[in-house]
Amino acid sequence: MTEPANGSEPTPRFDISQFGAIGPEGDIKRLLVVAAHPDDLETTCGGTLALLVDAGVEVALLLCTDGDIGTHDLSYTRESLAATRREETLAGAQALGLKEVFFLGHHDGELVADLQLRAEVAGAYRRFLPDTIFTFDPYWHGQAHPDHNAAGRAAVDAYMPSKMELYHPEQLIDGVTVADVKRFFFFGGSERANAITVDISSAWERKVKATRCHVSQFGQREEALQWLEQWNRETGKCCGLEFAEAFTPMTVW
Ligand SMILES: [Zn+2]
C-alpha cells in the first residue's frame, strides 16, 4: 500500500492505516478475529491487534475449538486441557485489551466448516457486530491444518447469510440484529503483491507477553518462541522492519 509524495516515488506505509480509517468515524471500529485454536490470535496477529486497540478499535475473539489435543503431556485429559486453555485464552485476551471472547467449544482437530459452524459464526457476527474480520485464508493451498482451513472457510461462508433476516431468525432476539461485516483480512500472504505488511516492532514485547499467557504451549522456556520471532523478523525483512505481521485483504460487496 502506498501514497504519492509530491509526485516523487511513492512512500510505502507499514502502519495500521492500511486497513482503512480507524476510529469512531472511520471504517474500522469493531474487529472480530475468527480463530481455530487458543493461541492463533496472539501468534498470527497479536502485534497488530495491540496497535489497533491502542487506536480505539474494539476487538473480540471467536474461538472455534478449545485446543484440547494440543499437548504431548499425557497428565492432561482432553477436558482438563480444554479448561486450562480457556483460562490461557482469557489471559491472553486481557493482555491485549480485547473486549470479549466467544467460545464455540469444538474439539481440536475435528473442526468442519459445516452448516452448524456457519450458523455459530453468523451468530457471533450478529452479537458483536464487527465491521472487520481477521481470519485464516481458506483459499491458501499451503494450509496443512484442517482446523485453520475450516475456521477461515466458515468465517467467509457466514458473511452473506449473517446479513439476512430469514437466516436463523431464532438468533435475532433480545436486541440482536443482522450483521454488517464490511471487510476481511486473512493472516499471512506476505509474498503476495496486495499483501499488507504491518510494522509491529513497537508492539513486539506485548505480543510476546500475550503469547506467553499460553503456558501449556510455550511454558516459560525462553527458546519456546524462537520460531515466532524468526517468523515475524522474516516478514519484516522485505520492508526493513524489525518485526512485522502480514495480511491479505479480501474484497466483499
Ligand atoms: Zn492454530
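This is a predicted model: local features need pLDDT of at least 70, side-chain atom pairs count only at pLDDT 80 or more; totals for chains, interfaces and linings use all residues.
Colleague: Why are helix 1 and helix 5 called oblique to each other?

Modeller: Helix 1 (residues 40-54) and helix 5 (residues 204-212) pack at about 125°, with axes 9 Å apart. Helices here are DSSP runs of H or I with at least four residues, and strands are runs of E with at least two, numbered from the N terminus. Axes are lines fitted to C-alpha atoms, for helices over the stretch in contact, and angles run from 0 to 180 degrees between N-to-C directions. Angles under 35 degrees count as roughly parallel, over 145 as roughly antiparallel, 65 to 115 as roughly perpendicular and the rest as oblique. Helix 1 and helix 5 are therefore oblique.

Colleague: What makes up the contact of helix 1 with helix 5?

Modeller: Helix 1 contributes Glu42, Thr43, Thr44, Cys45, Gly46, Gly47, Ala50, Leu51 and Asp54, and helix 5 contributes Arg206, Lys207, Ala210 and Thr211; contact means heavy atoms within 4.5 Å. These residues divide into four nonpolar, five polar and four charged. Ala, Val, Leu, Ile, Met, Phe, Trp, Tyr, Cys and Pro count as nonpolar, Asp, Glu, Lys and Arg as charged, and the others, Gly among them, as polar.

Colleague: Why is helix 1 described as roughly parallel to helix 2?

Modeller: Helix 1 and helix 2 pack at about 30°, with their axes 9 Å apart. That angle makes the two helices roughly parallel. Leu41, Glu42, Gly46, Ala50 and Val53 of helix 1 meet Gly92, Ala93 and Leu96 of helix 2. By class, this contact has five nonpolar, two polar and one charged residues.

Colleague: Which residues of helix 5 and helix 7 meet?

Modeller: Trp204, Lys207 and Thr211 in helix 5 meet Leu228, Glu229 and Asn232 in helix 7. The axes of helix 5 and helix 7 (residues 226-237) come within 12 Å and cross at roughly 145°. Two nonpolar, two polar and two charged residues form this contact.

Colleague: What makes strand 5 and strand 8 edge strands?

Modeller: Strand 5 (100-106) and strand 8 (196-199) each pair on one side only. Two strands pair if DSSP finds at least two bridges between them. The open sheet has seven strands in the order 5-4-3-6-7-9-8, with mixed pairing. Within it, four bridges join strand 7 (residues 183-187) to strand 9 (residues 244-250), and these two run antiparallel. Phe185 stands opposite Pro249 in strand 9. Helix 2 (residues 78-96) lies across strand 4 (58-65) and strand 5, at about 155° to strand 5.

Colleague: What makes His37, Asp40 and His148 donors of the zinc ion?

Modeller: His37 (ND1), Asp40 (OD) and His148 (NE2) lie 2.0 to 2.2 Å from the zinc ion. Donors are N, O and S atoms within 2.8 Å of the metal (3.2 Å for Na, K and Ca); water is not among the atoms, so sites may look incomplete. The spacing along the chain is H-x2-D-x107-H. Asp40 lies in helix 1 and His148 in helix 4 (residues 146-157), so the pair ties together parts 108 residues apart in sequence.

Notes
Residues are numbered from 1 along each chain as its sequence is written. Side-chain values use heavy atoms; hydrogens and water are left out.
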